[in-house]
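Subject: Structure for you to look at

Dear colleague,

Please have it open beside you as you read.

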Amino acid sequence: MKRNVLLMLFVLIAAALVSAQTDLQPAALVKLTKTEPITVKQLKAEVQKIEAQTGKKLTNDERKQVLDVMINERLALQAAERDKVTVSDAEINQQLQQARSAMAQSIGRQPTDAEFESAIKQQTGMDLASYKDQLKRLSTVQKYLMTKKQDILQSIKKPSEAEIKNFYDLNKAKLVRPDTVRFSMIFIPYGNDAAAKAKAKELADKLVKDIGTSPSKFDEAALRGQSATAGYQAGDGGYLPKTAEAQSIVGPEFMTVAFSLKQGEVSRLIENSKGYQIIKITETYGQKTLDLDDIYQLGSKVTVHDYIENLLYQQNQQAAFDRASKELVDELRAGGKSFQIFEDRIAY
C-alpha cells in the first residue's frame, strides 16, 4: 500500500515537472533585432484571458491567431526600440489621469487610489502595475505605427454631407429618443444596521412631511442638502430614459414613480437598497424620432448630425488604421526570417 502511494506521488511529480518544462518551451521566437521567445505559458495565459472574456474554449486555429497577434506586437516593439521610438512614463501617467478623470465624472467625485485600482482590476483583470505595463506596450506600438505610416493615417477624410444624409435615412428608424424625464433628487442614505436605517427613515419622514407636494419647499430642502451637516444629499439626478436598461439601474419602483409625475411635481418617498429618495421632475420629453438638427443625447450639445459625422469619421479612421497596421505587419514579417512558430506546441 505504502509503495503504491509513493509510486503514485512519483508519477504526479514527474507529470508536473514535464508540464512545467513544456510551459517554458517557446511557442514562437521573435527575432527582428534580437531573439525573444513567446513561451507556451505566455500563450496559455493570453488564451485563458480571452476564453474567460468570451466564455468559450478557443480552437487550435484561434490559438494560432492569438499567437500571431502576440508575434506582431513583439515585432513592433523590437522595431520601435531599434528606431528609438519610445513612450515616457509621463505619457502613461497622463493616460491614467485621463481614465481617473473619466471615472470621477462618472461617480461624481475623485475616486480613491483603492477604488481606481479596483475598477481597473474589474475591467481588465489586471493589477495596476500589470495594466501600466500593458498600456506602455500598446502605446509604444501605436506611436511606432503613427510614426511609420503617417501618410495613411493623415489622409483620413471627413464624411461628406451626402454620406451623413444617407446614413441618417438608412438608420432613421433606430434614431429614436424614448420618453425621458430629468429630475432633482433628495437622497437619505442608510447603513447596514437597523439603528442607522431607523434614523434615516425618521429624517426621510420629516422631509416628506415638510415638503408635501410643494415644489418650492422641495427646492428649499434640496438647497439645505448641499450642507455637509444636513444628513442627506441633494442635487440634479440627470436624465432618465424609459428603457429596460435604465430600469435595471434605478429599479422598477423608481421608474414607475418618475414617469407618473408631471413636470414640477414632487414624488412620494421611494426606497431602494441604499436609502430613501424624494424626486421632483424638472423636464419631460416625449418619445421622438430625431431629426438631423436635434440633440442626440440630452444634456449635451451634440446633434444627430454631429453624432453621425463623428461615427463615420471613426469608421474611416479604423479602416485607415487597419490598412496601416497590415502594411506595417507585412513589412516586419517580410521574408519570414523575423519570427519562427513551433506548430506542435500551439495545441498543447
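Predicted model: local features only at pLDDT ≥ 70, side-chain atom pairs only at ≥ 80, totals over all residues.

Residues are numbered from 1 along each chain as its sequence is written, and side-chain values use heavy atoms, with hydrogens and water left out.

Three strands make up an open sheet in the order E2-E1-E9, with antiparallel pairing; strands (at least two residues) and helices (H or I, at least four) are DSSP runs numbered from the N terminus, and two strands pair if DSSP finds at least two bridges between them. Strand E2 (36–39) and strand E9 (339–341) are at the edges with a single partner strand each, so one side of each has no neighbour in the sheet. From one strand to the next the twist averages 20°. Strand E1 (residues 26–30) is joined to E2 by four bridges, and Ala28 faces Ile38 in E2. Helix H2 packs on the sheet, touching E1 and E2, and its direction makes about 50° with that of E2; contact here means heavy atoms within 4.5 Å, and the axes are lines fitted to C-alpha atoms, for helices over the stretch in contact, with angles running from 0 to 180 degrees between N-to-C directions.

Within H2 (residues 40–54) lies Glu51, which is buried yet has no salt bridge, the nearest side chain of opposite charge being Lys57, 4.3 Å away. A salt bridge would need a side-chain nitrogen of Lys or Arg within 4 Å of a carboxyl oxygen of Asp or Glu, and buried means under 20% relative accessible area, with a 1.4 Å probe and protein chains only. Residues up to four places away in sequence aside, Glu51 touches Lys56, Lys57 and Leu58.

Phe339, in strand E9, counts as buried because its relative accessibility is 16%. Neighbours within four places in sequence aside, Phe339 is in contact with Leu29, Val30, Lys31, Ile71 and Arg333.

Elsewhere, strand E4 (residues 180–189) and strand E7 (residues 275–285) pair in the antiparallel sense over 10 bridges, with Val181 opposite Thr284 in E7. Strand E6 (residues 270–271) also runs antiparallel to E7, through two bridges, and E6 and E7 form a hairpin with three residues between them.

Definitions and conventions. Buried < 20%, exposed > 50% of the residue type's maximum accessible area, 1.4 Å probe, protein only. Lys, Arg positive; Asp, Glu negative; His and termini not counted.
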